[in-house]
Amino acid sequence: MTAKDLDPQLQKLDDELAGWDEPAQRLREALEKDEFTLFCQPIAALEGAVRFPMAEVLIRMREEEAALLPPGEFLPVFEHYRLMPDLDRWVVRKITQHLARGSRIPRYDINLSSQTLEDASFPQAVADALTASGVPARSLLFEIPEGDALGKLEAAMRFSGAMRELGCGIVVSGFGRRTATFMPLKAIRPDYVKIDGVIVRKLLTALAFEAKLKAILRVGEVMGFQCIAEMVEEQDILVRLKALGVSYAQGFGIQQPHPIEALAL
C-alpha cells in the first residue's frame with residue numbers, strides 16, 4: 001500500500017474520530033447556524049467597588065437533543081481543520097453584540113488560538129465587529145497563552161501591537177509554570193498576566209511558589225501590568241493573594257462558569 005492509497009483511509013478514520021461525517025463542513029454549518037453558546041467565568045477584583053470588572057469567555061457547542069458539548073470535544077476538530085480563526089471571529093461578533101445589548105460585566109477576555117494569532121486579517125475583523133456594534137475597543141481583552149508568547153513571539157508581538165492600536169487589551173495566561181524569563185512580557189507588553197494555577201494552588205505549601213509569585217508582582221509594577229490569579233478554589237489562598245497584593249482572582253472558589261445571558265442587564 002502506498003502513502004497515496006493510505007490518505008483516503010486516514011481521512012475516513014479522522015471523520016470517525018471526530019464523530020461526524022465531513023467534520024469540516026459540520027463545523028462551518030454550526031458557525032453559520034449559530035450552534036454555539038457562550039459561557040463566561042467572572043474575574044473578581046480583590047480591591048475596589050466593582051466586584052466583577054471582567055470575565056473570561058468560554059464556549060459550548062449545541063448538539064443533538066440540545067446537549068452542550070464541552071470545548072475539549074470540538075476545539076481539537078476546529079484546530080485539526082484549521083478553522084479556529086473562523087470560530088474566534090464568531091466569538092468576537094457575539095461578544096460585541098452582547099455588550100451592545102447591555103452587560104453588568106463591562107469587559108470580556110477572549111481566548112485566542114495560535115492559528116488566529118498568525119492570521120493577519122483577524123485585527124480587521126475585530127475592528128469591523130467593534131464598528132458594527134458601537135462597543136468601545138477597551139471592552140475586549142485577548143488572551144495569549146504563555147506557550148504561544150514564547151513559541152510564536154513575533155506573531156504575538158504583531159497581534160498585540162495591532163490590538164493596542166485599536167484600543168483593546170492583552171492578557172498573557174498561564175504565566176510562570178514553564179518559563180524562567182520575563183522577556184516575552186517585555187516584548188508583548190500585556191495589560192494583565194494570569195498567574196498559572198499550579199503556582200496559585202501551591203501558594204500556601206511551597207515557599208518557592210510564593211517567591212515566584214512575588215517576582216511576577218514586582219515585574220508587573222515595573223512593566224505596568226496587573227496580575228490575575230488563576231484557579232483559585234480555597235478561601236485561605238484568596239486571603240493570601242490579597243495580602244501579597246494580587247489585583248484579581250478567577251476560579252471555582254470565586255464563581256463557576258455560567259451562560260453569558262445571565263449577565264445581561
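Strand β2 gives the largest share of the lining of the second largest pocket, 5 residues. The model is predicted. This second largest pocket holds about 380 Å³ of space. Its lining numbers 16 residues, and the closest to its centre are Ile59, Pro71, Leu75, Met84 and Asn111. Two or more lining residues come from each of β2, α3 (71-80), α4 (84-101) and β4 (108-111). By class, the lining has 10 nonpolar, 2 polar and 4 charged residues.

Two packed helices are described by the angle between their axes and the distance between the axes. Helix α11 spans residues 207-223, and helix α12 spans residues 235-244. Their axes come within 11 Å and cross at roughly 40°. Angles under 35 degrees count as roughly parallel and those from 65 to 115 as roughly perpendicular. The two helices are therefore oblique to each other. Their crossing is right-handed. On the α11 side, the contact is made by Glu210, Leu213, Lys214 and Leu217. Arg240, Leu241 and Leu244 meet them from α12. The residues of this contact divide into 4 nonpolar, no polar and 3 charged.

Key. Residues numbered from 1 in each chain as written. Predicted model: local features only at pLDDT ≥ 70, side-chain atom pairs only at ≥ 80, totals over all residues. Heavy atoms only, no water. Axes fitted to C-alpha atoms, helices over the stretch in contact; angles between N-to-C directions. Helix = DSSP H or I, 4+ residues; strand = E, 2+ residues; numbered from the N terminus. Parallel < 35°, antiparallel > 145°, perpendicular 65-115°, else oblique. Left-handed = near helix turned anticlockwise from the far one by under 90°. Contact = heavy atoms within 4.5 Å. Nonpolar A, V, L, I, M, F, W, Y, C, P; charged D, E, K, R; others polar. 1 Å grid on protein atoms, 1.4 Å probe; cavity = no way out; pocket = protein on both sides within 12 Å on 5 of 7 lines; lining within 4 Å. Points joined across faces, edges and corners; volume = space filled by probe spheres on them.
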